[in-house]
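These notes follow the order in which I would go through the model. Each point takes one topic.

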2 protein chains.
Amino acid sequence: MGKKIVIIGGVAAGPKAACHCKRLLPEADITILDQDSLISYGGCGIPYYVSGDVSDEEELRKTSFHMTRDATFFQDAKGVKVRTQTRALAIDRQKKCVEVENVVSGARDSVPYDKLVIATGSQPFVLPIPGADLDGVYTISDLHKAIAIKSRLARGEVGRAVVIGGGAIGLEMAEAFADLWGAETSVIEFMPQVLPRIIDAPFAAMLQHHMQKHGVQIYTGEGALSIEADGNGKACRVVTPKRTIDTDIVVMSAGVRPRTQLAKEAGLLVSPLGIVVNNRLQTSDPDIYAAGDCIETTNLITGKKFFAPMGSLANREGRVVGDNLAGIHSTFNGVVGSFVMKAFESCIGATGLSLETARAEGFEADASISAPSDRAHFFPTESKMPMQLVFDRKSRRVLGVQAFGAANDAVLARINAAAALIGKGGTIDDFSLLEMAYAPPFATAIDALNAAANVADNMACGRQRNVAIQDFLDWIAAPSSRPDWLALDLRHPKEVEPFAQKFAELWLGIPYNEIRRRHNELPGDKTLIIICDAGTRSYEIQVFLDSLGRKNSLVLGGGFNVISRLGVDWWPKK
Amino acid sequence: MGKKIVIIGGVAAGPKAACHCKRLLPEADITILDQDSLISYGGCGIPYYVSGDVSDEEELRKTSFHMTRDATFFQDAKGVKVRTQTRALAIDRQKKCVEVENVVSGARDSVPYDKLVIATGSQPFVLPIPGADLDGVYTISDLHKAIAIKSRLARGEVGRAVVIGGGAIGLEMAEAFADLWGAETSVIEFMPQVLPRIIDAPFAAMLQHHMQKHGVQIYTGEGALSIEADGNGKACRVVTPKRTIDTDIVVMSAGVRPRTQLAKEAGLLVSPLGIVVNNRLQTSDPDIYAAGDCIETTNLITGKKFFAPMGSLANREGRVVGDNLAGIHSTFNGVVGSFVMKAFESCIGATGLSLETARAEGFEADASISAPSDRAHFFPTESKMPMQLVFDRKSRRVLGVQAFGAANDAVLARINAAAALIGKGGTIDDFSLLEMAYAPPFATAIDALNAAANVADNMACGRQRNVAIQDFLDWIAAPSSRPDWLALDLRHPKEVEPFAQKFAELWLGIPYNEIRRRHNELPGDKTLIIICDAGTRSYEIQVFLDSLGRKNSLVLGGGFNVISRLGVDWWPKK
C-alpha cells in the first residue's frame with residue numbers, strides 16, 4: 001500500500017477528498033473516521049426529508065444511482081476504508097497518528113497517517129437559555145435528529161412548532177412543519193429581520209410576508225428567553241420578551257460554529273472563524289489539510305476572512321484537498337457567498353455582499369432596486385422578480401445581488417451568473433452587457449440582471465436619485481413628519497384611485513404618458529416621490545423633470561412591485 | 001431643440017438607442033424612421049403568438065405596464081418622434097440627411113441629421129427554389145406575416161405544416177403548429193442536424209428525438225427542392241430529394257442576413273457579416289452609428305468577426321449607441337454567443353463555441369459530456385440535464401457549454417453562469433470552483449456545471465479517455481467492424497439484462513461496486529467500453545483498471561442518460 005491518508009469526518013468534504021484522492025492515487029491507503037454511524041449524507045436535504053418531499057432518510061445517503069453510501073459501499077466501490085462510530089480524540093503530530101475511540105465499545109487505538117485531513121464540520125450553536133436541553137428541543141445537527149423529528153410528526157405529535165432562528169435552515173424547517181404537516185408554526189429571530197447579514201431588509205420583509213401568507217408566524221427582533229416544560233418534562237412553551245408560544249416541538253437553529261477543538265488541541269492555528277488554512281487548504285502543519293465547515297475562508301470581495309459553512313463549498317474544497325494530497329497543485333482562493341432558498345411558492349437568492357454588509361465593510365456602497373419580469377412579460381408563466389444590485393460608487397464594482405422570485409430556477413439563473421462575474425471583479429458595465437441567454441419562455445430581451453445593472457448605472461452616474469424604501473414607509477406611516485413630500489403616481493388612473501382616496505392631498509396621479517404635457521400641474525414646493533410599478537417609468541420622469549430644472553424628485557426604486565410584497569398594513573382595501 | 005438624431009429602424013436596437021439617448025440628452029431632437037406600420041415589437045415572441053401562448057399580437061407591442069408602443073406612445077411618453085410607413089431610400093452623408101418615402105402615399109422628403117443610427121435589422125433568407133413565392137409560403141420577418149399565419153390557423157386552414165429550416169425559429173414555429181394547433185408538422189433541415197453550428201450532434205439528436213416524440217417529423221440532411229401549388233396557386237407540397245410532403249402552409253426559416261444595402265449604398269464599410277463598426281458601434285462614418293442585426297460583431301472567444309442576430313444583443317447594443325450619442329464613452333466589445341430555446345417539455349441552451357466550431361477554429365478542443373441532475377437527486381422534481389463543456393486542451397480555457405434539460409430555467413442557470421465566465425476567459429479550474437448557489441430544490445451540492453468542469457479536468461489531465469458517442473453508435477450498429485470491443489456495463493444487473501441478452505458476447509455486466517474484486521473476469525484482449533448511467537462510475541472504474549495496468553478502456557461519457565435520449569433504433573424492448 002502507498003501513502004497512509006487519514007480523514008477525520010465523513011459527511012461532505014471528507015468523503016469528497018477521500019474518493020477524489022483515491023482516484024488520483026490508487027495505491028493510497030485512505031481511511032475515513034467518523035463518530036457517527038451514518039455518513040456521507042446530504043445534510044441540506046434534511047428539511048425536505050422532514051417535510052416529506054423525501055420519503056426516507058436513506059434517500060439522503062444514496063448516490064444518484066441508488067446505492068447507499070455506507071462503510072461497505074466506500075470499501076467496495078471506492079476502495080476507501082471507513083470507520084464509523086469512531087471518534088477522533090486527539091492528533092499526535094509528532095508521532096503522526098490520530099488517537100481514536102469506538103463510541104460503542106469504548107475501545108481505543110491509534111491510527112497512523114502520512115497526511116491527515118480534518119473535516120470535522122460545524123456544530124449548531126445552542127442558545128444558553130433555560131430549557132434548551134429539554135426533551136422535544138432539537139438542533140438540526142445530524143440525521144438522527146432529523147429522524148427523531150420526523151417520527152414525532154409521523155406519530156401526529158406535532159400540531160404546533162416553534163423554530164428559534166430565522167436563518168436558512170430555520171426557515172426551511174418552518175416550511176417543512178407548516179406546509180406538508182400543517183403544523184401551526186412560529187419562527188423567532190433575535191435580529192430585526194430574517195436571514196440577517198445574507199439579504200437586506202426589504203428582501204427579508206418580502207420573504208417574511210410571503211411565509212406569513214402561508215401560515216408561518218414570524219417574530220423578528222425577539223429572542224427566546226426560555227423554553228418551558230410540561231408535567232412530563234417535555235418542551236411545551238417558548239418565552240420571548242413579548243409573548244409565550246405554546247408548542248409541541250422546538251427546533252433551535254441559531255447558527256453553527258466551526259468544530260475546531262481537535263485542531264486547536266493539536267496546536268494548529270485556529271481563529272474564531274475556523275481552522276486557518278492556506279489556499280491549498282493546508283493548515284499550519286503542512287501534513288495536515290482541512291476542508292469544509294470547520295475552516296475559515298477568504299471572502300473574495302472584501303479580502304477578509306470569514307466563515308462560510310455550506311455543503312457545496314465543502315465539496316469543492318474536498319476536491320482541492322484531494323488534488324493536493326495526490327501532489328497536484330490545486331488552490332481554493334475563496335468564496336463570493338452564494339445562497340438560494342425555496343420558501344413555499346417563492347425563491348430567494350443572494351450572492352456577494354448585502355448593502356448593509358458592504359457599507360459596514362467600508363465600501364461607498366449603494367444598491368439599485370428593481371422589479372423585472374423573470375421572462376417575457378407577454379409569456380403566460382411570467383412573474384415579477386424583485387432584484388437588488390449592490391455596487392461601489394467609487395469603483396463601480398458590483399458587490400452583490402439579491403433576488404426574490406417564483407419557486408423556480410429563475411432566481412438561480414441570475415444569482416449564478418452574478419456570482420461568476422463578481423468573482424472576477426465585474427463592474428456595473430460588465431453586468432449591463434453580460435450575455436444572458438434570451439428566449440421569451442426564459443427571460444426578457446434585456447435580462448433582469450442587465451436591467452438591474454442599468455439602474456445601478458443610472459444611479460452611479462447621478463441620473464437616478466432614489467428614496468430609501470424605509471424612508472418612504474416612515475413617511476406613509478406618519479406623513480406629518482415629512483410635510484414637503486408628495487407622491488406622484490404614474491400608473492393608470494384606476495390603479496391610482498384607492499391610494500389617492502386614502503392619502504388625499506399627499507397623493508397625485510398623472511399617467512406616465514401625460515407628464516410631458518401636464519407637468520405644470522405639479523406643485524413646485526414639494527419633493528416628489530415618483531412611483532410606478534417597477535421604477536422604470538419613475539426614472540424616466542425624474543430625468544424629464546430634471547431637464548426642466550425641477551430637481552427635487554426621488555424615485556421609489558422597484559415601485560409597487562416591491563412595496564406590495566412587503567406586507568404593509570396601510571394598503572388600501574380593494 | 002438640441003442635436004438632431006435620426007434612427008433608421010424601429011424594432012429593437014433603434015427604439016432602445018432613441019429612448020436611452022433621449023433620457024441622457026433631453027434636449028435632443030430624435031426621430032425614428034420605419035417602413036412598417038408596426039414598431040417596437042418582441043419579434044422573438046412570434047412563435048408564442050402563433051402557438052396561442054400569447055393571445056393577441058398587440059401583447060408583443062406592449063410595455064410590461066400594458067401600453068402599446070406605437071408612434072403616439074413614443075411621442076407622448078418618451079419624447080421621441082416616430083415616422084412609421086416611412087422608408088429610408090438613401091443616406092446623403094455630405095448633406096447629412098436621409099431621403100425618405102412614405103410607403104402609402106409615395107411622398108418623399110429629406111430628414112436632416114447631426115447623428116444617424118442605422119438599425120435596419122436582418123431579413124430572412126429566401127431559398128431560391130421554385131414555389132418560394134407561392135401563396136401560403138411565409139417567412140418570419142415581421143408581425144404582419146405572423147398575423148397572417150395565425151389567421152390561417154384560427155380559420156382551421158392548417159392541418160399540416162412544413163417548416164424549412166431547423167434553426168431556432170424554425171423549431172419554435174414547428175412546436176407552435178404541432179403543440180396547440182395539433183397540426184401534422186414536418187421540419188426539413190439541409191444540414192445533417194438541427195441547430196447546426198449552435199450545438200453539437202449529440203445534443204441536436206436529443207432535441208430532435210424529443211420533438212419527434214411530440215409529433216414533429218424532422219428530416220435532416222435534406223434540402224427543399226421546390227414548393228408545389230394546388231389548382232388555386234396555393235402551396236400544397238414540399239419536395240425534397242427523398243420525399244414529397246403534403247402541407248397546408250410552409251414556413252421558410254432558412255436563416256437571416258444583415259440588412260445592409262442602405263449602408264452599402266451610402267459608401268459605409270460593410271462586410272458580408274454586416275455593417276462594420278468599432279467598439280463604440282460607430283460605422284466608418286463617425287457621425288453614423290449602427291446596432292442590432294445589421295452589424296457584424298466580434299466573437300469574444302475567437303476574436304474573429306461574426307454575425308449574431310439576436311434581440312437581446314440588439315437591445316444591449318442600442319443602449320451603448322444611446323450612451324455614445326450622448327457623449328458618454330461606452331463600448332460593446334463583442335459576443336460570447338448565448339442561446340436558449342424551449343422545445344415542448346425540454347429546454348436546450350448553449351453558450352460559446354460548439355466542439356465542431358472550436359475545432360474548425362483551430363483550437364485543440366475536446367468536450368466533456370455528462371448527465372448530471374438539475375437538482376438534488378432526492379428532490380421530487382429532479383431530472384437529468386445532459387451537459388457538454390467544450391475546452392481547449394492546451395490552455396484549459398473553457399470555450400463553450402451546452403445543456404439539454406427540462407422546460408424550466410435550470411439550463412439557463414448554467415448557461416448564463418458559463419457565459420459570464422467564458423466572457424472573462426475562464427478556465428476549467430474556474431468552472432470547477434465556480435460558486436453555484438446550492439439548495440436541494442435548485443441544484444446539487446456539486447453543481448452540474450462544476451461537475452462538467454471536473455470531467456473536463458479529468459480528460460485534460462489524461463485521466464479520463466472517452467469513446468466518441470458516434471463511434472459507439474457505429475459499433476452497436478455493426479459490431480463486426482470492431483471485433484476488439486466489449487461493453488462493460490456497471491449498472492444494476494436488472495438494468496443490464498436486456499442489453500446482455502440482445503448483444504450477447506459483446507456485453508458484460510459487472511456491478512460498479514463489485515469490480516474491485518471481480519476484475520479478473522474481464523477479458524484481457526478487448527478494449528472495454530465502460531458504461532453506466534451518467535459516466536461518473538465508468539470514470540472511476542477506468543481509473544481503477546488503469547491502476548492495474550489495464551489501460552485499454554474507454555468511457556462512454558454521459559452514459560445511458562445520454563444514449564437513451566438519442567432515439568436510437570436498437571434499444572432493447574422492455
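1. β14(B) pairs with strand β15 (residues 244-246) of chain B in the antiparallel sense, over 3 bridges; two strands pair if DSSP finds at least two bridges between them. Arg237(B) has its bridge partner in β15(B), namely Asp246(B). The two strands β14(B) and β15(B) make a hairpin with 4 residues between them. Helices (H or I, at least four residues) and strands (E, at least two) are DSSP runs, numbered from the N terminus.

2. β14 (residues 235-239) of chain B also pairs with strand β13 (residues 226-229) of chain B, again in the antiparallel sense, here over 4 bridges. In this pair Ile227(B) is bridged to Val238(B) of β14(B). The hairpin of β13(B) and β14(B) has 5 residues between the strands, and Gly233(B) takes a positive phi near 80° there.

3. On provenance: this is a predicted model, in which local features need pLDDT of at least 70 and side-chain atom pairs count only at pLDDT 80 or more, while totals for chains, interfaces and linings use all residues. Residues are numbered from 1 along each chain as its sequence is written, and chains are lettered from A and ligands numbered from 1 in the order in which they are written.

4. How do the two chains relate? Chain A can be laid on chain B by a turn of 180° and a shift of 0.0 Å along the axis, with an RMSD of 0.0 Å. That is the relation of a two-fold axis. The superposition is by least squares on the C-alpha atoms of residues with pLDDT of at least 70 in both copies.

5. At the interface, 78 residues of chain A are in contact with 79 residues of chain B (contact: C-beta atoms, placed from the backbone, within 7 Å). The largest share of the side of chain A that touches chain B comes from α10(A), with 10 residues. By class, that side has 45 nonpolar, 19 polar and 14 charged residues. Here Ala, Val, Leu, Ile, Met, Phe, Trp, Tyr, Cys and Pro count as nonpolar, Asp, Glu, Lys and Arg as charged, and the others, Gly among them, as polar. The copies meet through the same surface, because 100% of the interface residues of chain A are also interface residues in chain B.

6. Chain A is divided into domain 1 (4-121 + 257-325), domain 2 (137-254), domain 3 (338-460) and domain 4 (469-563), with bounds from an automatic or database domain assignment. The C-alpha centres of domains 3 and 4 of chain A lie 25 Å apart. Between them, 8 residues of domain 3 of chain A are in contact with 8 residues of domain 4 of chain A. Strand β25 (residues 365-370) of chain A gives the largest share of the domain 3 side, 3 residues.

7. Helix α5 (residues 168-179) of chain A has 12 residues, which at 1.5 Å a residue should span 16 Å, and its end C-alpha atoms are 16 Å apart, which agrees. The expected span is 1.5 Å times one less than the number of residues. Is α5(A) enclosed or open? It is largely enclosed by the rest of the structure, because 11 of its 12 residues are buried (buried: 20 or more other C-beta atoms within 10 Å of the residue's own; exposed: 12 or fewer; partly exposed in between; C-beta atoms placed from the backbone).

8. Val555(B) is found in strand β31 (residues 553-555) of chain B. Val555(B) is buried, with 28 other C-beta atoms within 10 Å.

Methods: Contact = placed C-beta atoms within 7 Å.
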